[in-house]
Amino acid sequence: MKRADAKVELVSHLKVLRAFAISLIREPSAADDLVQETVLRAWANMHQFQEGTNMRAWLFTILRNEFYATRR
């Protein structure tokens, strides 16, 4: 996947990522921080994303794992 295409797709999932983060945390500002961390991690690891797979599911997994890591 080209980096520009990945960026466009990643941005297209921001609203659902924020909604998921709010459902986990129940605090909008903390949810925004979680989404920001998710985007940073996804961008840094974009080379690990397998083309042809579901980016939304990949992002949700990153977000969920980051949520669990911060709660430990």
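The crossing of helices H2 and H4 is right-handed in this predicted model, a crossing being left-handed if the near helix is turned anticlockwise from the far one by less than a right angle and right-handed if clockwise. Helices (H or I, at least four residues) are DSSP runs, numbered from the N terminus. H2 and H4 pack at an angle of about 30 degrees, and their axes are 11 Å apart. Axes are lines fitted to C-alpha atoms, for helices over the stretch in contact, and angles run from 0 to 180 degrees between N-to-C directions. H2 is therefore roughly parallel to H4, given that angles under 35 degrees count as roughly parallel, over 145 as roughly antiparallel, 65 to 115 as roughly perpendicular and the rest as oblique. On the H2 side the contact (heavy atoms within 4.5 Å) involves Val 16, Leu 17, Phe 20, Ala 21, Leu 24 and Ile 25; these meet Arg 56, Leu 59, Phe 60, Leu 63, Arg 64, Phe 67 and Arg 71 in H4. By class, the contact of H2 with H4 comprises ten nonpolar, no polar and three charged residues. Ala, Val, Leu, Ile, Met, Phe, Trp, Tyr, Cys and Pro count as nonpolar, Asp, Glu, Lys and Arg as charged, and the others, Gly among them, as polar.

Residues are numbered from 1 along each chain as its sequence is written. As the model is predicted, local features need pLDDT of at least 70, side-chain atom pairs count only at pLDDT 80 or more, and totals for chains, interfaces and linings use all residues, while side-chain values use heavy atoms, with hydrogens and water left out.

The packing of H2 against H3 is also described by a right-handed crossing. The angle here is about 130 degrees and the axes lie 8 Å apart, so H2 and H3 are oblique to each other. From H2, Leu 14, Leu 17, Arg 18, Ala 21, Ile 22 and Ile 25 meet Pro 28, Ala 30, Ala 31, Asp 32, Leu 34, Val 35 and Val 39 in H3. Eleven nonpolar, no polar and two charged residues make up the contact of H2 with H3. In the loop between these two helices is Arg 26, which has a positive phi of about 70 degrees although it is not a glycine. Most residues other than glycine have a negative phi. Arg 26 counts as exposed because its relative accessibility is 68%; buried means under 20% relative accessible area, exposed over 50%, and partly exposed in between (1.4 Å probe, protein chains only).

H3 and H4 pack at an angle of about 120 degrees, with axes 9 Å apart, and are therefore oblique to each other. H3 passes H4 in a right-handed crossing. Leu 34, Val 35, Glu 37, Thr 38, Arg 41 and Ala 42 of H3 make this contact with Trp 58, Leu 59, Ile 62, Leu 63, Glu 66 and Phe 67 of H4. The contact of H3 with H4 divides into eight nonpolar, one polar and three charged residues. Glu 66, in helix H4, is buried because its relative accessible area is 13%. Residues up to four places away in sequence not being counted, Glu 66 touches Leu 34, Glu 37 and Arg 41. Asn 65, also located in H4, counts as partly exposed at 37% relative accessibility. Asn 65 and Thr 38 are 27 residues apart in sequence and 9.2 Å apart in space, C-alpha to C-alpha.

The largest nonpolar core has 17 residues, and those with the most contacts inside it are Met 46, Met 55, Trp 58 and Leu 59. Such a core is a set of buried Ala, Val, Leu, Ile, Met, Phe, Trp, Tyr and Cys residues joined through side-chain atoms within 4.5 Å. At least two residues of this core are supplied by each of H1 (3-12), H2 (14-25), H3 (28-44) and H4 (55-71), and the largest share, six residues, comes from H4. Not counting residues up to four places away in sequence, Trp 58 touches Ala 42, Asn 45, Met 46 and Phe 49.

Leu 10, in helix H1, is buried, with a relative accessible area of 4%. Leu 10 and Val 39 are 29 residues apart in sequence and 7.8 Å apart in space, C-alpha to C-alpha. Apart from neighbours within four places in sequence, Leu 10 is in contact with Val 39, Ala 42, Trp 43, Met 46, Met 55 and Leu 59. His 13 lies in the loop between H1 and H2 and counts as buried at 11% relative accessibility. With neighbours within four places in sequence left aside, His 13 is in contact with Met 55, Arg 56 and Leu 59.
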